[in-house]
Amino acid sequence: MKGWDWSSFLEYLVSFYLLEGVWVTIWLTAASLLIGLVCGLIAALLRMSKSPILQMPARLYTWVWRGTPLLVQLIILYTGLPQIGIKLSVVQCSLIGLGVNEGAYLSEIIRAGIMSVDRGQFNAARALGMNYRVMMRRIILPQASRIIVPDLGNRFNGLLKFSSLASVISLEELMRRAQMLTQVKFAVLEIFIVASIYYLALTTIWGVAQAHIEEYFERGYSQKNSRRTKTLARTE
Amino acid sequence: MRRTLVCILVAVVVVSQAALVCAQTKGTPLVSSPPLLRPGKLIMAINATIPPVQYIDDKGNLRGMRVELGDEIARRLNLEANWVNIQFEAMIPGLQGSRWDMINTGLFYTEERAKIMSLVPYELQAISVSVPKGNPHKVKSTEDMAGKVVAVEVAGYEERNIKAINQEQVARGLRPMDIRTFNTFADCYQALKAGQVEAVVSVDATGKYYQDRGDFERAIFGLKGSPASLAFKSRELAETVAKILNDMKQDGFYDKLFDRWGVAKIYGWEKWTGSFKIH
């Protein structure tokens, strides 16, 4: 039995080689989420349109991309597509794979958020003469965001860890860097505990950020600190 | 009537038990547990992604020279061969963690590995570079690989050595290679086939196999040669298997097996003493 080696653990905890992998994980996740948001928003809006012709591509997109594993999608992008003449780089495959896959899930989350906004808001906006674009941008989506953000935060948390799948197509993010380090001393437990600590740190930092974003969208809803409640309290 | 039935029942039980005992005594394991992890079984880890030495055929069966070698070792020890097909980087930690008795994946012999496991060298191997058919980039030496995208399996001997060669070349002023690591050699070759990489760094036997089959060309071979070894956690088991290898050499099985698969025998190694042992 080898036992736990504290000096190896501490050495890997501050390893620049691993930290480079952490940075790749961060930008990969952030960029993929942005791509996912764009894809998801477009798909959600298409899905909610009255025309079945517009709905079709959105339904097809969510059906296929939620119905097949992310790993298979990445392998098809990187190793399969070149067979029919489409050759994308490792970074392109990782971003497209993670982003488009995430978009399929986000489209459902966004759709749920929009549906949660009171019908009256849509009617009032129309009554005020707003067109579709203005109504969505100024009235509906800001209110829908309150419902979307918690689930979106959940997805971002998951994406931070799913990004490790990109290692299968040779992207050197945190997981792959950890694998590569194991061959030096075979301190497998120490290295992967360090990697886990980094993942935990990232998801924790995101958790704090998410809490602040949720608080921002909660303005105007919470009874406790709303201006209306304070005014009422003063006059009583 | 009842007495007859009882007699017949007893006879059946006795005969079947006798048959079982006969079967067991005919093949009593020559190694007990411990040092084996499970009695009567020889658990071997392999990464069956590099034909011809170890691969999965199109019917899903484990095939290859090393598979035959492992099966024969188990047979001669009256043990049941249990194969664990797993990626390379999990093997050494798995051996140390007592998940398998032996690593039979052509583990390259190195001094550091010999310090943490019992290694019995048995095959001559070296690093090869495979390129697309026709060698479009005219790769003849590692210098020609400068600036190219190269695939290699993660956390192995080949990765370490190609990175060392790359570093040494960069120090001399050549352009660096873009070394991409994949989980297995199969993934590397798929990337080569897809044109995502320009070369794959693997082992001589595999490079030659793909060249003979016409898939890829073997542009370079014979780099950083070192014997492939069987690896054990238990020294006792290693010595037992070394003895079996010596028996195989004696009765000609070893020579015939290697000739049939076209793999280089250990005899050419400069440290070969004439018999298989732990180095």
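In which loop of chain B is B:Leu174 found? In this predicted model, where local features require pLDDT of at least 70, side-chain atom pairs count only at pLDDT 80 or more, and totals for chains, interfaces and linings use all residues, B:Leu174 is found in the loop between α5 (157–171) and β8 of chain B. Residues are numbered from 1 along each chain as its sequence is written, while chains are lettered from A and ligands numbered from 1 in the order in which they are written.

B:Leu174 counts as partly exposed because 16 C-beta neighbours lie inside 10 Å; a residue is buried if 20 or more other C-beta atoms lie within 10 Å of its own, exposed if 12 or fewer, and partly exposed in between, with C-beta atoms placed from the backbone. Residues up to four places away in sequence not being counted, B:Leu174 touches B:Glu143, B:Ala146 and B:Gln169, two residues being in contact if their C-beta atoms, placed from the backbone, lie within 7 Å. The C-alpha atom of B:Leu174 is separated by 34 Å from that of B:Ile92, and these residues are 82 residues apart along the chain.

B:Leu230 lies in strand β10 (residues 216–232) of chain B; helices (H or I, at least four residues) and strands (E, at least two) are DSSP runs, numbered from the N terminus. B:Leu230 is buried, since 29 other C-beta atoms are within 10 Å. Its contacts, neighbours within four places in sequence being left aside, are with B:Met102, B:Ile103, B:Asn104, B:Val120, B:Tyr122 and B:Val241. Between B:Leu230 and B:Glu89, 141 residues apart in sequence, the C-alpha to C-alpha distance is 16 Å.

The domain assignment of chain B gives domain 1 (41–123 + 229–264) and domain 2 (127–225), with bounds that come from an automatic or database domain assignment. The contact between these domains takes 13 residues from domain 1 of chain B and 14 residues from domain 2 of chain B. On the side of domain 1 of chain B that touches domain 2 of chain B, seven residues are nonpolar, five polar and one charged; Ala, Val, Leu, Ile, Met, Phe, Trp, Tyr, Cys and Pro count as nonpolar, Asp, Glu, Lys and Arg as charged, and the others, Gly among them, as polar. The C-alpha centres of the two domains of chain B lie 25 Å apart.

At the interface between the chains, 17 residues of chain B are in contact with 15 residues of chain A. At least two residues of the side of chain B that touches chain A are supplied by each of α3 (91–96), β8 (178–182) and α6 (185–193) of chain B. That side comprises eight nonpolar, six polar and three charged residues.

The secondary structure of chain A comes to ten helices and zero strands. Buried residues make up 31% of the 236 residues in chain A. The C-alpha atoms of chain A fill a box of roughly 70 × 60 × 25 Å, taken along the principal axes. Among contacts in chain A between residues at least 6 apart in sequence, 76% join residues at least 24 apart.
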